[in-house]
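Here is a friendly walk through some helix packing and a few individual residues. Have the viewer open as you read.

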Amino acid sequence: MVQYVLKRLFQSILTLIVVITIVFLLMRLMPEEGYFGTNYEKLDQAQREAILQSMGLRDPLNVQIKNFYSQLLKGDLGKSIIYRPKVEISSILKTKIPYSLKFGLAALTMSLLLGIPLGITMALNKNRIWDKLGTGYIVFISAVPAAVYYLFLQIYVTSILKLPILFNLDKPLSWILPAVSMSLGGIASYAMWMRRYMVDELNKDYVKLARAKGLRNSRIMINHVLRNAFVPMIQYLPSAILYTIAGSIYIESLYSIPGMGGLLVDAIQRQDNTLVQALVLIYSSIGIFGLFLGDILMAILDPRIKLKRGGSR
Amino acid sequence: MSAKIEKLSHELNKSLFEFAEFDEREAERGGYSNYSYWRSTLMVFSQNRIAKFCLYLVIVLLTFTIIQPLLPNQKSPTEITIDEKTGMQLRNHEPDSQFWFGTNSIGQDLWARIWSGTRTSLLIGILVGVWEAIIGIVIGALWGYVRSLDRIITEIYNVLDNIPNTIILVLLTYILRPSIPTLIFAMCMTGWLSMARFVRNQIIIIRDREYNLASRCLGTPISRIISRNLLPYLVSVIMLRMALAIPGAIGSEVFLTYIGLGLPINIPSLGNLINEGRGVMMVASLRYQLIFPALVLSLITISFYVIGNAFADAADPRNHV
């Protein structure tokens, strides 16, 4: 097991390096006009060359890559070149991450605390009122794109409950609606999968045997059914936790929250190469390690799953 | 047991204690079904009234979007109407008998725009959804089952997954001008990954079950194991994902339009319409510009979702007649 973990760790770092390099190269395929925004026509050729040179974009590719990695290894994420020129990226992130993190974790906690019990209730009361209500909710939230119902939530809930429309540090009430909106999708998703996996487990023969043997229903549920139903869901939990810092682009723009949400898209469109690379580095690490942790958790919980050498072919 | 037993010691009903002989025909009747797999699926599906209703709704919507331009009295979705009285553009006109859904902020008929947009969005959604399903299942099955490929494809997956889709979309939109085929191509390139991963995870869970070990011992070729052992077990779960893929593609299109990478605004699509409506949503009298597209979008996505779920439930052999 330890050997497997180390091997996966090494692979993860390798993948990270490949991803960063590819993104590095892709960003340099972007059109040169993009670096100047509206100033493209106002500057003449010489000035444009000078600016590109100062951004380090005129050096040969291998030099650029070497500079980038040597800087990275020293722990320096670099400075943003267009989004906030000459500002250290780490300071930009330091102000933005806490907001996304707080909202994200609040939303995730709410999703888990509300979603999983809802899913269990739905599975236990199959085809009765809770199941039907829950299914209606899940269908609505899953089918309609989040952008759409976030808008309607903002319009109508703020007027009905008299909540502030935009986020403001001074108004504690303004924290509620964005966090709740963000959690709705999670509730629906966890409830749906929980219900599906539990129903699958409840139909299996070992449950019938346990009932025939006379085990208490609660014991069957907790010790056997829940444990098996959790296994497929555990995979996604580490990623979900880690991804909270990415923020939700819709919520943050709708409620004017100064978080990480729109930062990546903005940076790509403005072609702020250093910012894009730093963000991709962070998000990729989260993604890769989240996947890795999820697989490990899954293997720990379910001894039937063998991830390493075992079986044949 | 039709005999009622008052007291155990009273006449013992002899028939309760006769040996039950083994009757071959009775044994077959227990697990026998008169219908084939897909026929049973269809029968269970049609028993679900809500799903049938949604199916009819989708068929009606689809037919309507196709024949709508041929109906009499329809206006063009891009034509800007000039009000005769003032000679100016008929902006933000409320819904009335002439413009069934009203007009938008530059005077275009919202009714025609919505149906044109639905056509576009549905086309994109269906093409991308089908592509995602085919490629995702093929790659996911190979990835999950063949151990030697597992490492390589996991590496490729990790790399592709972490390259932000936005970069690829911006680059593709730059290289090929923004248009419908570009959008479909770009969404296909980035969309199949999650389906593949999902299929792979499901296959990993059942890869080493005893019946698969048995098949391997017997020497069954891989393609047959995947198509006969693994995939049928997963049909219901895969159907669920496919049902989510079409509304998901429509949702991605809304997202892309939101960040400015989608279709150019002269081609109406549900994403464009919702964004235009977003701009005026705070003014209560103009809210219809958001409500109508959102309503149509919700009807479509919810219907596809319900149909997919019902089909997935019906495809599960445990529910079969």
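## Helices α1 and α3 of chain A

In this predicted model, helix α1 (residues 2–27) and helix α3 (residues 61–73) of chain A have axes that come within 12 Å and cross at roughly 130°. Helices here are DSSP runs of H or I with at least four residues, strands are runs of E with at least two, and both are numbered from the N terminus. Axes are lines fitted to C-alpha atoms, for helices over the stretch in contact, with angles from 0 to 180 degrees between N-to-C directions. α1(A) and α3(A) are therefore oblique to each other; angles under 35 degrees count as roughly parallel, over 145 as roughly antiparallel, 65 to 115 as roughly perpendicular, and the rest as oblique.

On the α1(A) side you will find I17(A), I20(A), T21(A), F24(A) and L25(A), which meet L61(A), Q64(A), I65(A), F68(A) and Y69(A) of α3(A). This contact of α1(A) with α3(A) divides into 8 nonpolar, 2 polar and no charged residues. Contact means heavy atoms within 4.5 Å. For the classes, Ala, Val, Leu, Ile, Met, Phe, Trp, Tyr, Cys and Pro count as nonpolar, Asp, Glu, Lys and Arg as charged, and the others, Gly among them, as polar.

## How the model is read

Residues are numbered from 1 along each chain as its sequence is written, while chains are lettered from A and ligands numbered from 1 in the order in which they are written. As this is a predicted model, local features need pLDDT of at least 70 and side-chain atom pairs count only at pLDDT 80 or more, with totals for chains, interfaces and linings using all residues; side-chain values use heavy atoms, leaving out hydrogens and water.

## Two loop residues in chain A

G78(A) sits in the loop between α3 and α4 of chain A. With a relative accessible area of 2%, G78(A) is buried; buried means under 20%, exposed over 50%, and partly exposed in between, using a 1.4 Å probe and protein chains only. G78(A) and E88(A) are 10 residues apart in sequence, and their C-alpha atoms are 6.1 Å apart. Not counting residues up to four places away in sequence, G78(A) touches Q71(A), V87(A), E88(A) and I89(A).

Further along, N127(A) belongs to the loop between α4 (89–124) and α5 (129–143) of chain A. Its phi is near 70°, a positive value in a residue other than glycine.

## Where the chains meet

Between the chains, take a look at helix α13 (residues 273–301) of chain A and helix α5 (residues 147–162) of chain B: their axes come within 9 Å and cross at roughly 140°. α13(A) and α5(B) are therefore oblique to each other, and the crossing is right-handed. V280(A), Y283(A), S284(A), G287(A), I288(A) and L291(A) of α13(A) make the contact with Y157(B), N158(B) and N162(B) of α5(B). By class, the contact of α13(A) with α5(B) has 5 nonpolar, 4 polar and no charged residues.

Chain B has 11 helices and 0 strands. Of its 321 residues, 49% count as buried. Among contacts in chain B between residues at least 6 apart in sequence, 69% join residues at least 24 apart.

Helix α3 (residues 49–67) and helix α4 (residues 110–145) of chain B have axes that come within 9 Å and cross at roughly 115°. α3(B) and α4(B) are therefore roughly perpendicular to each other, in a left-handed crossing. L61(B), L62(B), F64(B) and T65(B) of α3(B) meet W111(B), W115(B), T118(B), R119(B) and L122(B) of α4(B). By class, the contact of α3(B) with α4(B) has 6 nonpolar, 2 polar and 1 charged residues.

T257(B) is placed in helix α9 (residues 222–258) of chain B and counts as buried at 9% relative accessibility. A polar atom of the T257(B) side chain lies 2.6 Å from the backbone oxygen of E253(B). Not counting residues up to four places away in sequence, T257(B) touches G262(B), G271(B), N272(B) and N275(B).

S269(B) lies in the loop between α9 and α10 (270–279) of chain B, and is buried at 0% relative accessibility. Leaving aside neighbours within four places in sequence, S269(B) is in contact with G117(B), T120(B), S121(B), E253(B) and L263(B).

Terms used
Left-handed = near helix turned anticlockwise from the far one by under 90°. Polar contact = N/O pair within 3.5 Å; in protein donor to acceptor, adjacent residues only side chain to side chain.
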